[in-house]
Amino acid sequence: YGRVRGSVIAKRTSLVDRRLRCCAISVSVVLVLGAGVASGDEPADIIAGLIPRLADSNAEVVRTAADELEKLCIEASRPGAEKERRAVAMALIGRLGSDVVASVRVLVIEQLGLIGKYETAGPLGKVLAEDSDPRVREAARRALERLPVVTAKAKLRAGLATAEGELKMGLLHSLGLRRDALAVQQLLEACLLYTSPSPRDR
């Protein structure tokens with residue numbers, strides 16, 4: 001009986017801890033967004049203030065700024081806040097250029113993969129095809145894989161035309177996960193290419 005009672009108490013304590021953590025996150029989000037609303041800042045202004053901190057040489061400054069960006073995106077993606085979500089997404093899209101350092105572009109793309117919709121597929125497809133940094137292109141692939149819109153599949157397929165090596169394998173994996181019927185031929189060709197025995201094995 002003692003062991004069973006102890007297990008029940010432990011489970012209740014764990015549940016309380018989880019609820020407290022959720023409350024703490026919610027309060028943090030309200031404080032971050034509330035500060036922006038109180039000062040009249042638009043999402044673009046808030047994000048513009050975060051960009052230099054995300055590129056800071058101090059890891060702690062970067063971590064704090066990344067947390068604030070994540071909280072901003074979580075709040076903007078809540079149900080019934082489509083206008084706010086789109087405003088945040090468009091502000092993030094505006095930070096995908098080469099004038100923003102690669103490490104920050106990766107962080108921005110990760111958030112776009114979580115809150116983006118139709119407005120995001122085109123810009124991410126452009127990054128996938130044209131960005132000079134392989135880390136950024138890989139981040140774009142993962143983000144497109146997550147986007148809940150049909151146009152993301154088209155951008156993934158288009159990326160296969162120029163992709164090589166690990167990125168191409170990643171794109172094939174993404175298209176398989178998305179169950180893209182229009183990519184079946186490309187997937188079959190890739191399977192044949194990577195499974196065909198070499199002349200030495202024949």
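Residues are numbered from 1 along each chain as its sequence is written. In this predicted model, local features need pLDDT of at least 70, side-chain atom pairs count only at pLDDT 80 or more, totals for chains, interfaces and linings use all residues, and side-chain values use heavy atoms, with hydrogens and water left out.

The chain has 10 helices and zero strands. Helices (H or I, at least four residues) and strands (E, at least two) are DSSP runs, numbered from the N terminus. Along the sequence, the pattern reads α-α-α-α-α-α-α-α-α-α. The chain holds 202 residues, and 34% of them are buried. Here, buried means under 20% relative accessible area, exposed means over 50%, and partly exposed lies in between (1.4 Å probe, protein chains only). A contact means heavy atoms within 4.5 Å. Among contacts between residues at least 6 apart in sequence, 58% join residues at least 24 apart.

The largest nonpolar core has 43 residues. A nonpolar core is a set of buried Ala, Val, Leu, Ile, Met, Phe, Trp, Tyr and Cys residues joined through side-chain atoms within 4.5 Å. The elements that give two or more residues to this core are α2 (43-54), α3 (59-76), α4, α5, α6, α7, α8 (151-159) and α9 (165-177). Helix α5 supplies the largest share, seven residues. The residues with the most contacts inside the core are Ile47, Leu69, Val88, Leu92, Ile109 and Leu112. Leu69 touches Ile47, Leu50, Leu54, Leu92 and Gln111, not counting residues up to four places away in sequence.

Pro43 lies in helix α2. Its relative accessibility is 15%, so Pro43 counts as buried. Leaving aside neighbours within four places in sequence, Pro43 is in contact with Ala87, Val88 and Ala91. Pro43 and Ala76 are 33 residues apart in sequence, and their C-alpha atoms are 9.4 Å apart in space.

Asp133 sits in the loop between α6 and α7. Asp133 is also buried, because its relative accessible area is 14%. Asp133 touches Ala102 and Arg105, not counting residues up to four places away in sequence.

Two packed helices are described by the angle between their axes and the distance between the axes. Axes are lines fitted to C-alpha atoms, for helices over the stretch in contact, and angles run from 0 to 180 degrees between N-to-C directions. Helices α4 and α6 pack at an angle of about 10°, with their axes 10 Å apart. Angles under 35 degrees count as roughly parallel, over 145 as roughly antiparallel, 65 to 115 as roughly perpendicular and the rest as oblique. Helices α4 and α6 are therefore roughly parallel to each other. In α4, the residues Arg85, Arg86, Ala89, Met90 and Ile93 meet Glu119, Thr120 and Pro123 in α6. By class, this contact of α4 with α6 has four nonpolar, one polar and three charged residues. Ala, Val, Leu, Ile, Met, Phe, Trp, Tyr, Cys and Pro count as nonpolar, Asp, Glu, Lys and Arg as charged, and the others, Gly among them, as polar.

A search of the whole structure finds 16 salt bridges. A salt bridge is a side-chain nitrogen of Lys or Arg within 4 Å of a carboxyl oxygen of Asp or Glu. One of them pairs Glu82 with Lys117, with the closest N and O atoms 3.3 Å apart. This pair links distant parts of the chain, 35 residues apart: Glu82 is in helix α4 (residues 82-93), and Lys117 is in the loop between α5 (102-115) and α6 (118-130). Glu82 is partly exposed, because its relative accessibility is 39%. Lys117, at 33%, is partly exposed as well.

Arg85 forms a salt bridge with Glu119, the closest N and O atoms being 2.9 Å apart. Arg85 in helix α4 and Glu119 in helix α6 are 34 residues apart, and the pair links distant parts of the chain. Arg85 is buried at 4% relative accessibility. Glu119 is buried at 14%.

Arg142 and Glu110 also meet in a salt bridge (4.0 Å, N to O). Arg142 in helix α7 (residues 134-146) and Glu110 in helix α5 are 32 residues apart. Arg142 is partly exposed at 29%, and Glu110 is partly exposed at 30%. Salt bridges that share partners join Glu82, Arg85, Arg86, Lys117 and Glu119 into one network.
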